[in-house]
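My notebook is open and I have a few things to look up in this model. Here is what I am working from.

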Amino acid sequence: MRIPRQHHRSTLGALMAAALMLMIVGGIFVSSWVTLMSTRAIQVSFLEDICKRRVGVESSRLLGWQLISDRGFERNGTESANETLSLGDGLGSLSTANGWSNLNVYTSTSTAGGMSTVFPYNHTGLRPGASYITVEQLIRPSYATAGNIDDYNGWQFLKAVPPVLSGDVFCVYRKPDGVATELDIYRDAGNGSNGHNANWTVEGRTVVRHPPSFFVSSTPSPLQLPFLTKSLYIQSYAAAEPPNIPYPVYGTDLDGDALLPSNMPVVPSTTGPIGGTGDRRHHGYLKVVRNDDNPDNSLWHFQDREAAAGRTATVTIDVGGVFNSATEAYWISEQKNPTYKPPGWPSGYDDKLKVLFIKLDSQYLKNMRIYGVVDQIIFVGQSNATAFTNAAAMKPVIITVMPNGARGRWVRDIRFERENNRRHVLAFQDDNGRPVEFSWVNSPISGNEFRWRCVLVNEYQSLMFNMPNPLTRSIRWIGGVMTNWTIKRRAAGGNNPSRLLFTGDSDPAVPAATSAGPAFATFLPRDAWLETYFLPVAPP
């Protein structure tokens, strides 16, 4: 059967139309694919450029952090204006902008509340409360130096604060170099007069700067600090030594339950240069009693500063001879039959006990440097409620206690008589971790609690708190503690943690009167740290 010519032609036209349509669709597809690939190639090219610029900006931020961490915490540091550092074209660069001269974060008197310019930052940062602050700016250098990276402003906030005034009531720093034994604030060791334990209460933060200082071969792991504390903050200085690995430490809360350390980011802090080999400023050391490498954060040099300013002279006790004066706040006596016999008396002592008395509520009291030429110090507190209240307004003083020469005789026995409300700093510095006994004598002004207002700084001395008799009496240490060595309580006083309280200077148990003269904060060692606000500036 023959197909009609007309039907044949229509079939052929349909096939041709289909082929044409296929060619058109294929052409559109190929054209779209080529266009897409071209667009993708352009996008990849742009992304490569964006990544390079991003790397350059981030490298610039870290370069600024490194520069300020290295040079911002120097004493009297100076950087010229418009000084540049560069890692290479487009890799990261910075300029010091206006630079700085005689920068010293430990002598800054500026606070966030007194700043005339508001910067885009949180003035309290990672530490609660306001701090002393120094602000420096880093910027991107010229295009010729920086290459193709975005413009930016790098605000550097160098902050400092006495930790005991910012809620860090019990601060434990890195143990001294070359010491094989552990920094002991946790062991139960025996009973009786020579036994000691770590049963007390910290009504504030406990801060640990170097967990490895607790660990020797016999240290339990994980280590639980047995004393009660409101919070625990582990501030290990290196990223290679995080809080829990390989030195796990946790605490005990005020209810006696396990207390995990804070998981807040760690900002390395420093009390300043400490001498020795290498830069160890951010390694958790405590050297603030006498530090010739950083006199602007040294109690010894604070005493010199106050004397030079004509505010408070400094008395040096380097001779143990009998002394008395109606116009001085101290006197020295020799006692063949001591009023308060130190532990072990008379073994290890001369035939007469040399006793230094210091009257804390005297208007004549000066800053004091005490060497081991006396055996015992009796701090005489206030005798009645009126004197106790008035003592809060008296000017602060600094009292340092050191051995009489290297490995020489040291003050072994401290007595606190009645109660004290005068702000002062009591600082011990030893070269061998030798023990000093703290004891309370006489009676509280009222009730059963001895309130003693004082900031305690301890460098390599073993301080032992002896609980008062009877067992109903307790001690409230008001002001805080900074230590790099053992602080314990004698086991003879039992193990009730409520009998020994450590609280901050703002404790409502004492009047909140402002001290006469310079602010108390200027008498205290500071911790300093760096916070940054890095602000890239988008291109126009």
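I call a residue buried under 20% relative accessible area, exposed over 50%, and partly exposed in between (1.4 Å probe, protein chains only). The model is predicted, so I take local features only at pLDDT of at least 70 and side-chain atom pairs only at pLDDT 80 or more, while totals for chains, interfaces and linings use all residues. Residues are numbered from 1 along each chain as its sequence is written, and side-chain values use heavy atoms, with hydrogens and water left out.

**Entry 1: a nonpolar patch**

I started with I24, which is partly exposed at a relative accessible area of 43%. I24 is found in helix α1, residues 5–71. For helices I use DSSP runs of H or I with at least four residues, for strands runs of E with at least two, and both are numbered from the N terminus. Together with L20, M21 and I28, I24 makes a nonpolar surface patch of about 400 Å². A patch takes residues with over 30% relative accessible area and no salt bridge, joining like charges within 9 Å and nonpolar side chains (Val, Leu, Ile, Met, Phe, Trp, Tyr) within 5 Å. The areas come from the Shrake-Rupley method with a 1.4 Å probe, and for residues only the protein chains shown count as cover.

**Entry 2: backbone checks**

Where are the cis peptide bonds that I noted? One joins S221 and P222, with omega about 0 degrees. P222 is found in the loop between β9 (201–208) and β10 (223–234). Another runs from W345 to P346, with omega near 5 degrees. P346 lies in the loop between β15 (330–335) and β16 (353–359).

I then looked at positive phi values in residues other than glycine. N442 has a phi of about 65 degrees, and its loop runs between β22 (435–441) and β23 (449–453). Y460 has a phi near 60 degrees and sits in the loop between β24 (455–459) and β25 (462–466). Buried or partly exposed, I asked of Y460? Y460 is buried at 15% relative accessible area, whereas N442 is partly exposed at 43%.

**Entry 3: salt bridges**

How many salt bridges does the structure hold? I find 36, taking a side-chain nitrogen of Lys or Arg within 4 Å of a carboxyl oxygen of Asp or Glu.

I looked at R281 and D70, whose side chains meet at 3.5 Å, N to O. R281 lies in the loop between β13 (269–270) and α3 (299–308) and D70 in helix α1, so the pair ties together parts that are 211 residues apart in sequence. R281 counts as buried at 9% relative accessibility, while D70 is partly exposed at 36%. Both belong to a network of salt bridges that links D70, R71, E79, E83, D279 and R281.

Next came R407 and D431, at 3.9 Å, N to O. R407 lies in the loop between β19 (397–401) and β20 (413–417) and D431 in the loop between β21 (424–429) and β22, so this pair ties together parts that are 24 residues apart in sequence. R407 counts as exposed at 55%; D431 is partly exposed at 24%.

My last pair was R423 and D505, with the closest N and O atoms 3.2 Å apart. R423 lies in the loop between β20 and β21 and D505 in the loop between β29 (500–503) and β30 (527–537), so the bridge ties together parts that are 82 residues apart in sequence. R423 is buried at 8%, and D505 counts as buried at 13%.
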